[in-house]
Amino acid sequence: MFEKSVLLEGNEMFANSYFKKHEVQLLELVKNGQNPKALFIGCSDSRVVPDLIIQTNPGDLFVIRNVGNFVAPYKPDEDYHSTAAGIEYAVTELEVSEIIICGHTHCGAIAALYKDMEDKPFVHTKKWLTLGHKAKSLAILALGKDAQKEELRKLTEKFSVISQIENLLTYPYVKKKVDSGELHIHGWMYDIQTGAIEYYDPDKCEFRSLHEASE
Ligand SMILES: [Zn+2]
């Protein structure tokens, strides 16, 4: 368990070391406002830390993290749409040129798709996880329902990234900017066992490493 003092001591170290060292750049971001180039949509999983895994700095990424790195299809009503509000702000106000949807291996949200949730007291989670149902169906279709659970989960993690990209394209302002070439969408898969990221290549319909692409 974290003690409050441990966390606050961490902040003290940060303020006295990192912040002081990068003070000029950080104060530029205050003076001029933020101008991130990318919207990063990742999982809330504590092991997937965006600025750490791609070595970016404050001001580089506008980040949305949620359970499973899901994107609900566009629905213009007055409900509380946290992820949609972040997408809207990043695309229309900050005018990011890239959106990254980053899935990861051993994702608890994807694993939960294969568990019986009936007796769980979750109020919001069950509905939220339905955003992964399409990916699960496609994985079962591809591998067969008797395939090993681990194989199904791994494929579902990948299909889910593609499915969330499809959902992202239901946002009219996203679709318009993608069609005009002002905005690019990237699907990534972060491996928590190696630290490496693979990206989705829509031409080859597969996830590839940067190393493979340069060969
Ligand atoms: Zn996850």
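## A walk through the model

With 7 C-beta neighbours inside 10 Å, Gln-55 counts as exposed, because the cut-offs on other C-beta atoms within 10 Å, placed from the backbone, are 12 or fewer for exposed, 20 or more for buried, and in between for partly exposed. Before going on, note that this is a predicted model, where local features need pLDDT of at least 70, side-chain atom pairs count only at pLDDT 80 or more, and totals for chains, interfaces and linings use all residues. Residues are numbered from 1 along each chain as its sequence is written.

Gln-55 sits in the loop between helix H4 (50–53) and strand S2 (61–66); helices (H or I, at least four residues) and strands (E, at least two) are DSSP runs numbered from the N terminus. Its phi is near 55 degrees, a positive value. Most residues other than glycine have a negative phi. Glu-95 also has a positive phi, near 50 degrees, and you'll find Glu-95 in the loop between helix H5 (82–93) and strand S3 (98–104). Glu-95 has 13 C-beta neighbours inside 10 Å, so it counts as partly exposed.

Now follow H5 to its partner, helix H10 (residues 172–180). Ile-87, Val-91 and Thr-92 in H5 meet Tyr-173, Val-174 and Lys-177 in H10, contact being C-beta atoms, placed from the backbone, within 7 Å.

Conventions
Two residues are in contact if their C-beta atoms, placed from the backbone, lie within 7 Å.
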